[in-house]
Structure formats: structure tokens, C-alpha cells
Amino acid sequence: RHTRMRRVHSEDKLNGQTCDDALLETGPCKLYPCQSRDCILGQWSGWSHCGLSSQQRMRHRMVVQSPEGEGHECNATLVETTGCSSNRAEDCRISAWTLWSKCDATCHGGQKFRERSVIHPSIHGGSCRLQRLKEVT
């Protein structure tokens with residue numbers, strides 16, 4: 001829009017002609033219409049993981065191009081959530097081996113050992129291969 005304004009420099013005197021014209025004019029600018037573009041959405045991300053304390057997982061996507069002009073709006077979900085199954089099978093996790101211990105005797109033989117432990121037991125039917133948790137030499 002554009003606007004222009006003018007002022008009355010002197011009022012009519014002695015039966016002179018009054019100023020009846022508009023003092024303020026406003027009009028539209030002569031712009032070309034915008035090119036129309038539809039909303040474009042990106043691909044969904046992968047689902048987040050369900051941890052031991054998580055009750056739900058989520059995924060998201062982003063608006064790649066915002067609509068312009070007469071283009072279609074982005075009337076779509078950008079974040080989705082879903083519940084985590086409490087009965088999902090999880091395999092056990094085993095720690096790394098510790099360093100070898102010092103020999104337990106200074107003469108007539110002796111032994112060294114190293115250990116590892118179950119960090120997370122298997123649950124809901126998950127597997128846990130039979131593995132040694134202690135090695136002795």
C-alpha cells in the first residue's frame with residue numbers, strides 16, 4: 001500500500017471556496033502475484049528406542065518447503081508417538097573382560113584370573129548365550 005497526505009495552507013475567507021477534497025489518499029501497490037508453492041514435508045526419521053524406563057517412542061519429520069501464495073498448507077503431523085511394548089524381548093548384555101589379576105602365588109605355580117559380569121539380564125524371552133564369566137590360567 002502507499003499513502004499520501006496534503007495539508008490545507010489557508011482556510012477559506014470572505015466566502016471563498018472551501019477545501020472539500022480528501023487530505024489523505026491510500027491505494028494498493030501494483031505488485032505481481034506470488035508464485036504458488038505447496039508445502040513439502042521431509043521423510044520420517046527412524047523410531048527412537050524403547051529403553052527400560054521408556055513408555056513411548058517417537059519419530060519426526062520437518063517442513064522442507066513452506067507454502068506460498070495459493071499453495072497447499074502443511075496440514076500434517078510432524079511428530080508421531082507410539083507406546084513401547086512392555087513384553088519386548090531383550091537379550092542380556094555382558095561387560096568387557098577385566099584385566100588379568102596378578103598371580104596369586106610367588107612360587108610353586110599359582111593362578112591368574114579375569115572376570116566379566118552380566119550388566120543387563122535377558123528379559124521377556126530374550127537370549128543370553130552361555131558364556132564364561134571367569135577365566136583362570
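Cys-39 sits at 17% relative accessibility in this predicted model, so with the cut-off for burial at under 20% the residue counts as buried. Its disulfide partner is Cys-74, with the two sulfurs 1.9 Å apart. The link bridges distant stretches of the chain: Cys-39 comes from the loop between strand 2 (24–27) and strand 3 (40–41), while Cys-74 belongs to the loop between strand 5 (63–65) and strand 6 (79–83), 35 residues apart. Cys-74 has a relative accessible area of 26%, which makes this end partly exposed. The S-S torsion comes out at about 110°, so the Cys-39 to Cys-74 bond is right-handed.

Searching the whole structure turns up three disulfides. Another one pairs Cys-50 with Cys-84, at an S to S distance of 2.0 Å. Here, too, distant parts are connected, with Cys-50 in the loop between strand 3 and strand 4 (56–60) and Cys-84 in the loop between strand 6 and strand 7 (93–94), 34 residues apart. Both Cys-50 and Cys-84 are buried, and the torsion of -85° about their S-S bond makes the link left-handed.

That leaves Cys-92 and Cys-128, whose sulfur atoms lie 1.9 Å apart in a disulfide. Cys-92 is in the loop between strand 6 and strand 7 and Cys-128 in the loop between strand 9 (118–120) and strand 10 (134–136), so parts 36 residues apart in sequence get tied together. With a torsion of about 80°, this disulfide is right-handed. Cys-92 is buried at 14% relative accessibility, whereas Cys-128, at 38%, is partly exposed. Counting the bonded cysteines along the chain, the pairing reads 1-3, 2-4, 5-6.

Technical notes. Residues numbered from 1 in each chain as written. Predicted model: local features only at pLDDT ≥ 70, side-chain atom pairs only at ≥ 80, totals over all residues. Heavy atoms only, no water. Disulfide = S-S within 2.5 Å. Helix = DSSP H or I, 4+ residues; strand = E, 2+ residues; numbered from the N terminus. Buried < 20%, exposed > 50% of the residue type's maximum accessible area, 1.4 Å probe, protein only.
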